[in-house]
Amino acid sequence: MTAIKMMAVGRKLVNVYSGLSLPICKKYGINQSCFDVLMFCANNPEYNTARDICAVRGIKSGIASVAVETLIKKELLVRRDDPSDRRIRRLYPTEKADGIIADGRKMQKDFAAALRKGITAEEEEIFERVNEKILDNIMLFASEDQKCL
């Protein structure tokens with residue numbers, strides 16, 4: 001697969017995912033960025049800082065900041081000081097977010113199942129291994145690229 005096809009697949013995945021998220025966002029009165037931040041925090045409790053949202057999920061800092069503040073105002077997310085390091089502020093979904101998270105997880109599960117349709121367990125295992133190698137290559141390329149700056 002060419003690089004342009006890989007990027008096109010990535011973009012199509014994002015567009016379909018956003019389309020599937022839209023009814024949930026409308027139902028609960030949040031935008032896509034808020035949904036993405038909330039689902040990331042719910043699904044990845046070990047990455048629960050604004051910095052993690054940006055670094056791991058890849059959401060730009062300005063967008064993440066606005067989404068976090070919006071979610072806090074809507075009482076869907078709380079921010080707490082880390083007990084071992086007061087400089088770190090951790091983010092936690094609230095009980096009020098449980099409905100959004102449940103609907104979001106169901107949508108994500110259904111989306112993943114639809115993507116796997118017609119793929120054997122062996123093919124899925126190969127796909128996972130190839131993706132890991134591609135990710136390793138991306139990380140290597142990115143670190144080498146940073147040396148040039």
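Student: Let us start with R105. Where does R105 lie?

Tutor: R105 lies in helix α5. Helices here are DSSP runs of H or I with at least four residues, strands are runs of E with at least two, and both are numbered from the N terminus. Residues are numbered from 1 along each chain as its sequence is written, the model is a predicted one in which local features need pLDDT of at least 70, side-chain atom pairs count only at pLDDT 80 or more, and totals for chains, interfaces and linings use all residues. Side-chain values use heavy atoms, with hydrogens and water left out.

Student: Is R105 buried, exposed or partly exposed, and why?

Tutor: R105 counts as partly exposed because its relative accessibility is 39%. Buried means under 20% relative accessible area, exposed means over 50%, and partly exposed is in between, with a 1.4 Å probe and protein chains only.

Student: Which residues is R105 in contact with, leaving aside its neighbours within four places in sequence?

Tutor: With those neighbours set aside, R105 is in contact with M39, A42 and N43. Contact means heavy atoms within 4.5 Å.

Student: And what separates R105 from L22?

Tutor: Their C-alpha atoms are separated by 14 Å, and R105 and L22 are 83 residues apart along the chain.

Student: What about A102?

Tutor: A102 is also placed in helix α5. At 45% relative accessibility, A102 counts as partly exposed.

Student: Let me step back. How many helices and strands are there in the protein?

Tutor: The protein has six helices and two strands. From the N terminus on, the order of elements is α-α-α-α-β-β-α-α. The C-alpha trace spans about 45 × 40 × 25 Å along its principal axes. Of the 149 residues, 24% count as buried.

Student: How do α1 and α5 cross?

Tutor: The axes of α1 (residues 3-28) and α5 (residues 98-116) come within 10 Å and cross at roughly 155 degrees. Axes are lines fitted to C-alpha atoms, for helices over the stretch in contact, and angles run from 0 to 180 degrees between N-to-C directions. α1 and α5 are therefore roughly antiparallel to each other. Angles under 35 degrees count as roughly parallel, over 145 as roughly antiparallel, 65 to 115 as roughly perpendicular, and the rest as oblique.

Student: Which residues make that contact?

Tutor: From α1 the contact involves L13, V16, Y17, L20, S21, I24, K27 and Y28, and from α5 it involves G99, I100, D103, G104, M107, Q108, F111 and L115. By class, the contact of α1 with α5 has 10 nonpolar, four polar and two charged residues. Ala, Val, Leu, Ile, Met, Phe, Trp, Tyr, Cys and Pro count as nonpolar, Asp, Glu, Lys and Arg as charged, and the others, Gly among them, as polar.

Student: Now α2 and α4. Why are they called roughly perpendicular?

Tutor: The axes of α2 and α4 come within 9 Å and cross at roughly 80 degrees, so α2 and α4 are roughly perpendicular to each other. In this contact, S33, C34, V37 and L38 in α2 meet I63, A67, V68, T70 and L71 in α4. The residues divide into seven nonpolar, two polar and no charged.

Student: Which residues touch the most other members of the largest nonpolar core?

Tutor: They are F35, V37, I53 and L77, in a core of 26 residues. A nonpolar core is a set of buried Ala, Val, Leu, Ile, Met, Phe, Trp, Tyr and Cys residues joined through side-chain atoms within 4.5 Å. α1, α2 (32-43), α4 (61-73) and α5 each supply at least two residues of this core. α2 gives the most, with eight residues.

Student: What is L77 in contact with?

Tutor: Leaving aside neighbours within four places in sequence, L77 is in contact with residues including V37, L38, C41, V68 and L71.

Student: One last topic: what is the phi of E75?

Tutor: E75 has a positive phi of about 60 degrees although it is not a glycine. E75 is found in the loop between α4 and β1 (77-82).
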